[in-house]
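Here are two exercises on packing and pairing. Have the model open beside you and try each task before reading its solution.

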Amino acid sequence: MTDLLASVGRGGIAIGSFLLECAQLVRGFLYWTTIATFKGYPIRFHEAARQSVRVGVKSIPIVFLVNFFVGATLAFTVAEILNLFGATEYTAAVMGVGFWRELGPLLTGIIMAGYVGASLAAEIGTMKVGEELMALEASALDPVRFLAVPRLLAVLVMVPAATLFGIIFGIYGGYIVCVGVLGQNATMFWDQMIEPMDKVDIRLGMIKSVIFASIVGVTGLVQGLRVRGGAEGVGAATTNAVVYSIIFIIVADLLVTTFHYFS
Amino acid sequence: MDIPLPEPREATAKGEVVIRCRGVKKSYGEREILHGIDLDVRKGETLVIMGGSGHGKSTLLRLMIGAEKANAGSVELFGQDMNVKNDELLYPIKKRFGVLFQSSALYGSMTVGENISLLLEEHTDLDRKIIDIIVKLKLEQVGLRRCEDLMPSELSGGMRKRVGLARAIALDPEIIFYDEPGAGLDPVVLAQIDQLIIGLGEKLGVASIVVTHEMQSAFRIADRMVLLYNGRIIADGTPEEMRANPAVEAFIHGRSDGGEIGARDGSGFVEDLLGGK
């Protein structure tokens, strides 16, 4: 019992210190993107653009693959259930609302946790082990301004953009199944999909995608910055970045959806 | 073990004091690494800090460059206390020194040229063309030419050190710190790096602080040497004075019979081995 309490206590302290480091990174990000720009430290937009290609453009194939296939699978499942009630034509409506509100942001967020979060942690962690971060600090270059700000900006722009693509790919997967396999009318599919949707669905999906982007970016960067030791530390940071990001994304998803439901 | 400590010694060179350490203590958790270091370094002086692994050499260097903060005492560079919490206050000081790291610490995603030009772009208002010329000049100074477009991964260990050195002198610093400059290099390349360190000291008049345990190299480049043992300076003098010091001699020859430096407390091992039984 004592051991259990001790390990729970240790876990709590570890999570607490991690969240504290996340808060410090966010504070640094806000400082270097606002106040510091007036002190003669411009944001490194060209580096942010370079990172955007890495974060956004290169992740499109995997975002397409996952969302498209889940969309197609979901269409089969939903159509089968709705068929019991003679309401197969509403498959498109479920696809639209489901992907805009939930599946598009969630799937893309989890893909990005694995694709971008892990890569950020590994890159920054390797730089730390190789004394590159210390070299930056010794050269009067703040690692948060120099490394974290461009990467976080790229993630904050490109993850919502990838989410938008993910939603479109997912719905398109459903469209192929409904129209191409189940023989539904194409025009009716689009009408049925758009009809129950309102601005709230789109806004909710986009709000979630920005929150998930923040989680993926901050978690990956903090895990990289706190690396201790050598290759083993980098490996652990990479794993932690993915695991922590997925857990935080799922918890944040529930919180946002619950808040939306009761508001 | 009581080790007689030398009196804090006036530096041999006549320049102004650029680094002043007083009563510097540093701990990691319960373990105290530095137990009160007093040290002055003057302009134009090449100081070699020697000592075995884990005796505090690199820790002292990290305190001097502001990468870590002392738990007690003060470390001043150009009169500025390096123990301040706000790193932005140290930026003007950090622009006045360069560091060659043990692993060279070149930025892996940038070319050799970009590694050097980065500091000039960030800390000066120089025109792009001027920056490109300075990059070529700095590389020439360390004996490299036409390698601006290479990536760090394409360089040998010796070339990486040279590029690291070119980056360290990019802003014409007044102090250069070298952390184990000979680590991983063969004796020929090490001798070349030593010549560069001597040459830069003579040509640029900078203060050089070299952390090393390569003894041949240390005696080749030093104006003055200190020996760290268990977080204390136990010897401080010119290379000639140090050769005559028994503690230094024991360290140089790696002897375990050379007085306090080689002495080792082996008591209590059986208790440790058997868990106190």
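**Exercise 1.** Find which residues of H3(B) meet which residues of H4(B), and describe how the two helices pack.

*Step 1.* From H3(B) come Gly113(B), Ile116(B), Ser117(B), Leu120(B) and Glu121(B); they meet Ile131(B), Ile134(B), Val135(B) and Lys138(B) of H4(B). Contact requires C-beta atoms, placed from the backbone, within 7 Å. Helices (H or I, at least four residues) and strands (E, at least two) are DSSP runs, numbered from the N terminus.

*Step 2.* Sorted by class, this contact holds 5 nonpolar, 2 polar and 2 charged residues; Ala, Val, Leu, Ile, Met, Phe, Trp, Tyr, Cys and Pro count as nonpolar, Asp, Glu, Lys and Arg as charged, and the others, Gly among them, as polar.

*Step 3.* The axes of H3 (residues 112-123) and H4 (residues 128-141) of chain B are 9 Å apart, at an angle of about 125 degrees. Axes are lines fitted to C-alpha atoms, for helices over the stretch in contact, and angles run from 0 to 180 degrees between N-to-C directions. H3(B) and H4(B) are therefore oblique, since under 35 degrees counts as roughly parallel, over 145 as roughly antiparallel, 65 to 115 as roughly perpendicular and the rest as oblique.

The model is predicted: local features need pLDDT of at least 70, side-chain atom pairs 80 or more, while totals for chains, interfaces and linings use all residues. Residues are numbered from 1 along each chain as its sequence is written, with chains lettered from A and ligands numbered from 1 in the order written.

**Exercise 2.** Which strand pairs with S6(B), and in what sense?

*Step 1.* S6(B) pairs with S7 (residues 175-179) of chain B in the parallel sense over 4 bridges; pairing takes at least two DSSP bridges.

*Step 2.* Gly98(B) stands opposite Ile176(B) in S7(B).

*Step 3.* H5 (residues 157-168) of chain B lies across S6 and S7, at about 170 degrees to S6(B).
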